[in-house]
Amino acid sequence: MKIIASDYDGTLNEGGVGEEKRIAIRKWREEGNLFGIVSGRGIANLISLAEEDGVECDFLIGDNGASVAKGNGDIISETLCDGEVAREIIEYFFTKGCTWSWVRPYPECIVLPEGSEPKPWEKTPSTMPKIEKFTQISAAFESPEKAELSAVELRKRYGDKLNILQNGHCIDIVRLDVNKAVGIYKLLEAVGAKYEDIITVGDNFNDADMIKEFNSYAMDNAVPLIKELAGRTTLGVTDLIYSEL
C-alpha cells in the first residue's frame with residue numbers, strides 16, 4: 001500500500017480538478033492505495049471541496065496538520081492552541097491591511113475589518129466572540145509581499161509558541177509543534193501505515209515540512225524552495241499517480 005498526501009490549492013486543484021485526474025485517483029485507490037488532501041484549509045471546507053470536485057478521499061489533513069480526519073470528516077485528532085492570543089493576533093492583522101481573518105473551531109469565526117458590512121455569520125474585531133481554543137488562525141492580504149512582511153513581524157512576536165506559515169497572500173498560524181508533516185505522522189499512526197508508504201506533493205511554502213520529511217514531489221510551478229527540498233518535480237497529481245503505480 002502507498003499513500004499520496006496532496007496539497008490542495010495549486011496542486012490537486014489547478015484552476016479545477018478535471019475528469020482525467022479523478023480517473024487517476026480512482027485507479028490509484030482501486031489498486032489498494034490511499035489518497036488524501038493535506039491543506040491549510042479546515043476539514044469542513046475540504047469535505048465540501050472534495051464533494052464539488054468529485055474526488056473521493058481516504059483521509060483529510062487540515063489546518064496545516066492541526067486537524068486530521070477520515071475521508072468522511074470524522075476527526076482523528078486536533079492539536080489546539082489556547083485562544084488567549086487570538087484577538088490580539090486578529091487585531092494586529094487588520095492594522096497591516098488584512099482583508100479577512102478566519103479562526104476555528106471553538107468557535108469558528110470569520111472576521112472582517114471594522115467598517116465592513118458583515119453577513120450574519122461574519123464578525124468584526126469589536127463583535128467577534130471570545131475564542132476559547134483554536135486549531136488555526138488564517139488571514140488574507142492583498143499581496144504575497146504584505147503577507148510576508150506581516151509573517152516576519154509575527155514570528156518576532158510569537159515565534160516561541162506559534163508556527164507562522166505563509167502561503168502566497170495568506171498567513172496561517174498553528175501551534176509551534178504543528179505542521180503538515182506532523183499531521184501526516186498522526187495519520188500514519190491512525191491507519192497503521194509506515195513512513196516509507198507516504199508520497200507527498202505540494203507547491204508552496206507551507207508544504208516545506210512535509211516535502212523535506214517524506215518521499216516527495218514538487219509541482220513544476222512550485223516556488224523554488226519546494227523544488228529544492230523535493231529534488232524532483234511532476235506535471236501534476238495525474239502524472240505522479242501513473243509514475244507510482
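1. In this predicted model, Tyr 185 counts as partly exposed, with a relative accessibility of 34%. Phe 214, by contrast, is buried, at a relative accessible area of 6%; the cut-off for buried is under 20%.

2. The rings of Tyr 195 and Phe 214 form a tilted pair, because their centres are 5.4 Å apart and their planes stand at 35 degrees. Tyr 195 is found in the loop between helix 5 and strand 13 (198–202), and Phe 214 in the loop between helix 6 and strand 14, so this pair ties together parts 19 residues apart in sequence. Tyr 195 itself is partly exposed, at 41% relative accessibility.

3. On aromatic pairs in general, the count for the model is three. One of them joins Tyr 185 and Phe 214, which are tilted with 5.1 Å centre to centre and 50 degrees between the planes. Here Tyr 185 belongs to helix 5 (residues 180–191), while Phe 214 lies in the loop between helix 6 (208–213) and strand 14 (215–219); the pair therefore ties together parts that are 29 residues apart in sequence.

4. Taken together, Tyr 185, Tyr 195 and Phe 214 are linked by ring pairs into a cluster.

Terms used
Residues are numbered from 1 along each chain as its sequence is written. This is a predicted model: local features need pLDDT of at least 70, side-chain atom pairs count only at pLDDT 80 or more; totals for chains, interfaces and linings use all residues. Side-chain values use heavy atoms; hydrogens and water are left out. Rings of Phe, Tyr and Trp (its six-membered ring) pair if their centres lie within 6.5 Å; planes under 30 degrees apart count as stacked, over 60 as edge-to-face and the rest as tilted. Helices (H or I, at least four residues) and strands (E, at least two) are DSSP runs, numbered from the N terminus. Buried means under 20% relative accessible area, exposed over 50%, partly exposed in between (1.4 Å probe, protein chains only).
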